[in-house]
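Good morning, and thank you for making time for this item. I should like to take you through one model, from its confidence to its backbone details.

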There are 2 protein chains.
Amino acid sequence: MLWAKALFEPESVAVVGSTSPGKLGYVLIEQLLAGGFRRVAAVGPKGQGALGVPGFRSIAEVPEAPDLVVVASPADTVASVIEDAGRAGAKVAVVLTAGFSEVGRKAEEQALLEAARGSGIRLVGPNCAGIVNTRTHLFPTLETRPPSGDVAFVSQSGALGGAVLSWAEEQGVGFSKFVSYGNGADLTDVDFLDVLRADDETRVVALYVETVSDGRAFLDAAARLAAVKPLVVIKSGRSQSGVRAALSHTGSLAGSDAVYDAALRQCGAIRVAGIEEMFDLCRGFTTLPPVRGRRLVIVTNSGGPGVLAADAADAAGLEMAAPSEALRARLRASPHLSGLGSLANPIDLTVQGTEDGYREALVAALDEADAALAIDVNTPYIDAAPIARGVVAAARATGKPVAACFMAGKTVATGLPILKEGGVPNFATGERAVHVISRIAAWTARAEALCASADDTVLAEMAQRAPHGARFAVRSAWSTTGMQPEEQRLPWSGEGLEPDVLDWLEGEGISTPRRRLVTSANEAGDAVSALGGSIVLKVVASGISHKTDVGGVVLDVRTETAARDAFERLQGVGGKGFRGVLAAPMVRDGVELLVGLSRDPQFGPVVAVGLGGVYAEVLRDVSLRVAPVDAAEALVMLGELRGAAILRGARGAAPRDLDASARLIADVSRLPFRYIDLAELDLNPVFLLEDGLVVGDARVVRRDASATRERGGSR
Amino acid sequence: MLWAKALFEPESVAVVGSTSPGKLGYVLIEQLLAGGFRRVAAVGPKGQGALGVPGFRSIAEVPEAPDLVVVASPADTVASVIEDAGRAGAKVAVVLTAGFSEVGRKAEEQALLEAARGSGIRLVGPNCAGIVNTRTHLFPTLETRPPSGDVAFVSQSGALGGAVLSWAEEQGVGFSKFVSYGNGADLTDVDFLDVLRADDETRVVALYVETVSDGRAFLDAAARLAAVKPLVVIKSGRSQSGVRAALSHTGSLAGSDAVYDAALRQCGAIRVAGIEEMFDLCRGFTTLPPVRGRRLVIVTNSGGPGVLAADAADAAGLEMAAPSEALRARLRASPHLSGLGSLANPIDLTVQGTEDGYREALVAALDEADAALAIDVNTPYIDAAPIARGVVAAARATGKPVAACFMAGKTVATGLPILKEGGVPNFATGERAVHVISRIAAWTARAEALCASADDTVLAEMAQRAPHGARFAVRSAWSTTGMQPEEQRLPWSGEGLEPDVLDWLEGEGISTPRRRLVTSANEAGDAVSALGGSIVLKVVASGISHKTDVGGVVLDVRTETAARDAFERLQGVGGKGFRGVLAAPMVRDGVELLVGLSRDPQFGPVVAVGLGGVYAEVLRDVSLRVAPVDAAEALVMLGELRGAAILRGARGAAPRDLDASARLIADVSRLPFRYIDLAELDLNPVFLLEDGLVVGDARVVRRDASATRERGGSR
């Protein structure tokens, strides 16, 4: 990508904007020079330079054509600046100038984009905070120049990006590259993810995003990146979920934040709640080796913080196994560990813990654990330096992941530089360290699973270049390649009533119940014996969507008389819209599921499964995926439910036919790619039996197929 | 309390232990002198002084009898040191010396306690890290001398206490008092809570505890304290929950950590997850005025961090209402706010936000909000000082709670001292600030509810002395005063089968179903019409506890033939232990609850309610309380269930008889105080109807009443 090289490794840069002291152009030049970049030209109406940088009235006058143009001139000048830049041969422009779509001036932003396209220039911004490449000493930004390191940070918000850069040194995290893309008129999240995936100076990518540019394209780019290096994402705007009015159960359960959550997990990104967690993870990923397993040992010189960290480990799903008898014997035999108070896990060295004690305890314990946390609760009368040396020595000797929590304040000041030098990340609390270890373990497990299908060359390259990565091509499970929509339409006109929907599902190969649409009391009476002796009767009427809410369902009808009575009653319920009564066999002992579809404005079709009946809605125990999914992924979804044990046969009940439900979920997940007017679908309840399943009810919400297709929709 | 005065305000102190340089006695003297305390004597076998402090061979030789003796001499000397101290007239001893019960030497600790009791001395420790009283400049501890302030910190763990003291300055929290009570042989959590409740220099109490000394006494003391000032508690050991083998559903749901969680909420304590959250809350509580409502406004100069904080506010149950039209007009009219980008909430001042802009936006917005968060995302080219001044001015002008999040690092260094001086707490992230505001709002709401029943004098005193408090006497809902156990025993011998348990419950005034114990197929047949046409038949047999797990329940039997067949089948299931079959009317459309009792080793009887059937166990949707509770508290428990909407009539279903279930919970919660051999009780399912309820099944686990009663049990 030419633009990427011009953006991050330009031969020369032109800054466009006022260069009077204190103005943006001046500050940008100051930053570029202070960072160490020299080949800069200043372009402004007065043609004055600044700080020894030569000045020109237009880009055309600059003797050496700039690769990169940084624009801070007034909004109404930017389009023509871009055209000038294109004529002068520039490849890319970073536009800091604000006053475009973010204040409602969409036409001006469109004009800017067209100017760029017409000039062969790619745009970062407008309304952005600039970019950074620490290796080329390139800092065209108003923000703090961050320390260099292995993390690339991409931020939709300029100010948040700036805050992260300012905080980096204190947090012990360095950056390879930084990009703020602001309004994202041209280049956006997807473009930068692709560039950073291939960037060998970047080992971890962090991303702050408010709205992705294109859901499916983002998923594809994120998955490609997350296959080779960790992608840590802050997605804000959780509380805006649920704003969208939803017509179906599935729609209301699949609030937009829940879909983001599912989508990010699906593509292998690691979602974090905020900046502190992002820093913690970046520090962990850039410092620690892979965590190949979930067994954690904690070595501490104080019980209390050890127990707090152990609690966190338990909550994070790490295993805190007790040392084996052999390990205990080994620990007891060490001259540095004699008199050890506790030989459980955490291993409590007590206040007597020494450099040798930490080293030997950690080295021995890591024989039986996959990762370690070393806690030093210091007093003013303990020197933290030898303890830090012991921890570092153990990390080096074992090659296993060792994190530290040295507490607190000035009392540990002598130890921290030793940890840093020794590649042992230190965290503010043991709980935070444990959280990071757990997330790296999850990342490593996923990477190893992906690697299992990669070939040896790839693995060798990966081992060399991306210690945490799984450098190979991912097949996107949600890819719709080869699934060109046939643009079919749902086979009924008007409202889809239950019999219509069931007939359609049956035609799609989905298991539906035996049933009869009856239109008289006598037919209803006949249905009892015809359908097996105990039946359910449901009103079929236009305008009645949630039948149970209006008394439109009669369960367990066993006699002809009862069936006839029920028919009369349901006819009354149906009123003017009455079309008949649907009779089906009563299902007993089914575990109720909800399986549904909705369309998300960002990610397109989404499939959901939850415990059915009233529980899905009240308990919100639902698993989501961007559609389509295959049956294997559907099984994973079922396993994510809090109530999964019910499906597996809790308390002596028979296990349910999970394969049948997984097939149903997979089949359903492909429907929206065939039926262009299918907006939402609820199968609720689905009765899951020991053998097979029965769809108890089905509802469809149709959309106007002539309307604009949603972004990232059925392509 | 004499001992408390001697402990925290001694006229003079004797330090017992070796005073050779570097030894504990020496360091303690060094600390006392450095802190500013002068009236110190050194007592050691060599009788040498240190650092100008006179030395003696025994306490008896010290001319001025010490009020407080600080002991760091070897473990086997401590008991006789205490006896000497008692003879010399000392009131209290702080024993730092380790090597007692924490290493299994329980007899030695008991001997120490007896020496203290025999000598009229109260003990802090042994194995503790000392105490601090910043006002009297008293620092008999090896730990960092903390800054002074309004927080008292009580720690069971010495080392964790030390870490907190070391971290305090960096975290901006100061301490009035600090106590580490170590093994707690004599004085323990309950004693210190009572002292600190009455301590006017302490506005907030923080407590780290691994195991409370006596569950019910702790609850009483914590409730008394939490009625007048905030009590922030770290309780570690979560992951040890579930270790205890449980015989009933209720027992397994009420793992010991869940009981701690319920108990701490019940007494009004604020449980936090770790040290960082503790510091955040202490800083908030000591700096902010009460938060009287849940409406939050966020004023920011950057969108991204504002949205992250708004997400956190939503998750914490704070309301982020949009500004009214009047407020919008007022904001627009301000010369400092013209051109405001966003007039939503967060109010985004953009990078143009000035001192005047922050002040005016905050002052205006606080007309419609109960609290505010001011976010400043600084760049190197913005001076944080004027922004801080604007925020402080708004806090002063409105008197309302205003928290800050100034980000990040060096770029905000000029603003932070202004915030601190102005009483505006600054937090590392907006999310953390919002969390603190939400917890203070919850605290304030509780305090105001408690105040509603207090008289004016009390309220006036409270307003003056405890801005966050509700200084009045709390009636402990779980108090068992006047509930002396009558020491009744369950009215059956051997195993309690369902008919026995139901008869007993009926005698206790608890609503039970109509039922017949039938012992022949013919009797079973007769039961169908006698009990209403549709019945359930359940095996009654010794050795069968979970009947559904073994096919011991037949539902919905409608004919005599079916009943006779079912009887034969259940007789087979019952095997040798068969005693009959219990017939009861089939219940339809009941919402299933579980109501149960267990006994917790720390807190004694615990009552639980959850969604019944298989769901309680799988979804663990259960609310717990230390028993007894009244019906009003039981209603609160029901409201805490995730599935509460099901009880209120979700999706068109009829609402259930919540009062009946609340009465049942309250009645059940009193049973363990009458029946000494009642260990656990499960009523599962309880069918909750539109009117009334039916107990579907009942199981009792009996205990050996001659066994030691649990701590904090039925007193």
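Residues are numbered from 1 along each chain as its sequence is written, and chains are lettered from A, with ligands numbered from 1, in the order in which they are written.

The model scores ipTM 0.87 and pTM 0.89. Two stretches of chain A call for caution. A contact here means that the C-beta atoms of two residues, placed from the backbone, lie within 7 Å. Where pLDDT is low, the predicted coordinates should not be read in detail.

Now the fold. Chain A has 24 helices and 26 strands; these are DSSP runs numbered from the N terminus, with helices (H or I) of at least four residues and strands (E) of at least two. Of its 715 residues, 56% count as buried. Buried means 20 or more other C-beta atoms within 10 Å of the residue's own, exposed means 12 or fewer, and partly exposed lies in between, with C-beta atoms placed from the backbone.

In chain B, an open sheet of 4 strands runs in the order S14-S13-S15-S16 with parallel pairing; strands pair if DSSP finds at least two bridges between them. Its edge strands are S14 (347–348) and S16 (402–407) of chain B, each pairing on one side only. Strand S15 (371–377) of chain B joins S16(B) through 6 bridges, and B:Ala372 has B:Val402 as its bridge partner. What packs on this sheet from chain A? Helix H5 (158–171) of chain A does, touching S15 and S16 of chain B, at about 70 degrees to S15(B). Angles run from 0 to 180 degrees between N-to-C directions, on axes fitted to C-alpha atoms, for helices over the stretch in contact.

The chain contact takes 61 residues from chain B and 62 residues from chain A. Among the elements giving two or more residues on the chain B side are H5 (158–171) and H10 (275–287) of chain B. A rotation of 180 degrees with 0.1 Å of shift along its axis superposes chain B on chain A, with RMSD 0.1 Å; that is the relation of a two-fold axis. The superposition is by least squares on C-alpha atoms of residues with pLDDT of at least 70 in both copies. Because 100% of the interface residues of chain B are also interface residues in chain A, the copies meet through the same surface.

Finally, the backbone. Most residues other than glycine have a negative phi, and most peptide bonds are trans. The bond from A:Gly125 to A:Pro126 is cis, with omega near 0 degrees, and A:Pro126 sits in the loop between S6 (122–124) and S7 (131–133) of chain A. A:Asp589 has a positive phi near 60 degrees, and this residue is exposed, with 10 other C-beta atoms within 10 Å.

Definitions and conventions. This is a predicted model: local features need pLDDT of at least 70, side-chain atom pairs count only at pLDDT 80 or more; totals for chains, interfaces and linings use all residues.
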